[in-house]
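Please work through the exercises below with the sequence and the model at hand. Each task is followed by a solution in steps.

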Amino acid sequence: MPLITIVCHGLEDDLRVDGRGCEDYRHMEIETDVVSNTDGSAKVTLGHTAVLVGIKADIGKPRPMVPNEGYLEFFVDCSANATPEFEGRGGEELGTELSNTLYKVFNNKHSVDLKGLCISAGEHCWVLYVDVLLLQCDGNLYDAISVAIKAALFNTKIPRVHISADEEGGKEIELSDDPYDCMRLNVENVPCIVTLCKVGHRHVVDATLQEKACSVASLIISVTHKGTVTCTRKVGGGSLDPESIFEMTKAGKRVGKALHAPLMKLLQQEESLGKTRQKVGFLG
């Protein structure tokens, strides 16, 4: 029996090949503060998909249109070790596509307090360079990356800045050497991405590569802790009818909203353990 027939027949009964329901995630594990030379980092494992995010804060110049805000820059490295599909141009194109979507989802004042990243209007601001490394790929990259970015932003510690006037009347910037004298980001409004794949007449959350191969198209939805949709995108060659889009958006809002509370609770618990913390999972 062809794979697509097996997958579609199972979904009719809300049952997937691995036993999950249509809106269930695979077990997810999160570690923060995993890369020593960054200001914040996190590793997320979702099934057999593994993503590493490192954030480096550097002082830059605000953009002319928003002189009182800092900003985020994204770079996604699709390692050929993750899957043979990432070799050559395939990895580069996917990396660019992922970066562009992440920019739309996260680099806005509704997700991150960009004004809080401003040091002096029109002159200096913090630029957060977000590097994403795909270590292993078994489907659902967007969701895993978004959780890893939220966790890494939560873990980010930005040195406190002290501004003083020099002898010529200019501004002199001095960064605090005290690791505890730092600024933390409020990640409450940072959204999580939920990807819904249309397979047959049903849609599934957290599709494996096997399920994605049977899918005609997917809808990517970024959702805040309040259930507000901040960005939607259709990916894949197939089309989605209006009724499917409505149902998928409704499911995405429900699933995305439910992600935030356990994620934040886990991040706070893990940080409180300090050096004694061990790898922990949620949505198991």
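The exercises concern a predicted model, and they treat a sheet, its helices, the nonpolar cores and the salt bridges in turn.

**Exercise 1. Strand pairs**

Describe how E13 pairs with E14, and how E11 pairs with E12.

Solution. 
- Step 1. Strand E13 (residues 217–223) is joined to E14 over 6 bridges in the antiparallel sense. Within this pair, Ile 221 has Thr 232 of E14 as its bridge partner.
- Step 2. E11 and E12 are also antiparallel, with 4 bridges between them. Here Leu 196 stands opposite Val 205 in E12.
- Step 3. A hairpin is formed by E11 and E12, with 2 residues between them. Gly 200, in the turn, has a positive phi of about 65 degrees.

**Exercise 2. Nonpolar cores**

Find which residues touch the most other members of the largest nonpolar core, and which element gives the largest share of this core.

Solution. 
- Step 1. The largest core has 64 residues, and Val 132 and Ile 149 touch the most other members.
- Step 2. H3 supplies the largest share, 11 residues.
- Step 3. Leaving aside neighbours within four places in sequence, the contacts of Val 132 include Val 51, Phe 75, Leu 102, Ile 145 and Ile 149.
- Step 4. A second, separate core has 6 residues, among them Cys 22, Cys 197, Val 204 and Ala 207.

**Exercise 3. Salt bridges**

Trace the salt bridges of Arg 26 to Asp 138 and to Asp 206, and then examine the pair Arg 184 and Glu 271.

Solution. 
- Step 1. Between Arg 26 and Asp 138, the closest N and O atoms are 3.2 Å apart. Arg 26 is in the loop between helix H1 (3–12) and strand E1 (28–32), while Asp 138 is in the loop between strand E6 (124–136) and H3, 112 residues apart. Both residues are buried.
- Step 2. Arg 26 also meets Asp 206, at 2.7 Å from N to O. Asp 206 lies in the loop between E12 and helix H4 (209–213), so this pair ties together parts that are 180 residues apart in sequence. Asp 206, like Arg 26, is buried.
- Step 3. Arg 26, Asp 138 and Asp 206 belong to a network of salt bridges that also includes Arg 16, Asp 18, Arg 20 and Glu 211.
- Step 4. Arg 184 and Glu 271 form a salt bridge with 2.7 Å from N to O. Arg 184 counts as partly exposed, at 34% relative accessibility, and Glu 271 likewise at 30%.

Note on methods. Residues numbered from 1 in each chain as written. Predicted model: local features only at pLDDT ≥ 70, side-chain atom pairs only at ≥ 80, totals over all residues. Heavy atoms only, no water. Pairing = 2+ DSSP bridges. Core = buried A, V, L, I, M, F, W, Y, C linked by side-chain atoms within 4.5 Å. Buried < 20%, exposed > 50% of the residue type's maximum accessible area, 1.4 Å probe, protein only. Contact = heavy atoms within 4.5 Å. Salt bridge = Lys/Arg side-chain N within 4 Å of Asp/Glu carboxyl O.
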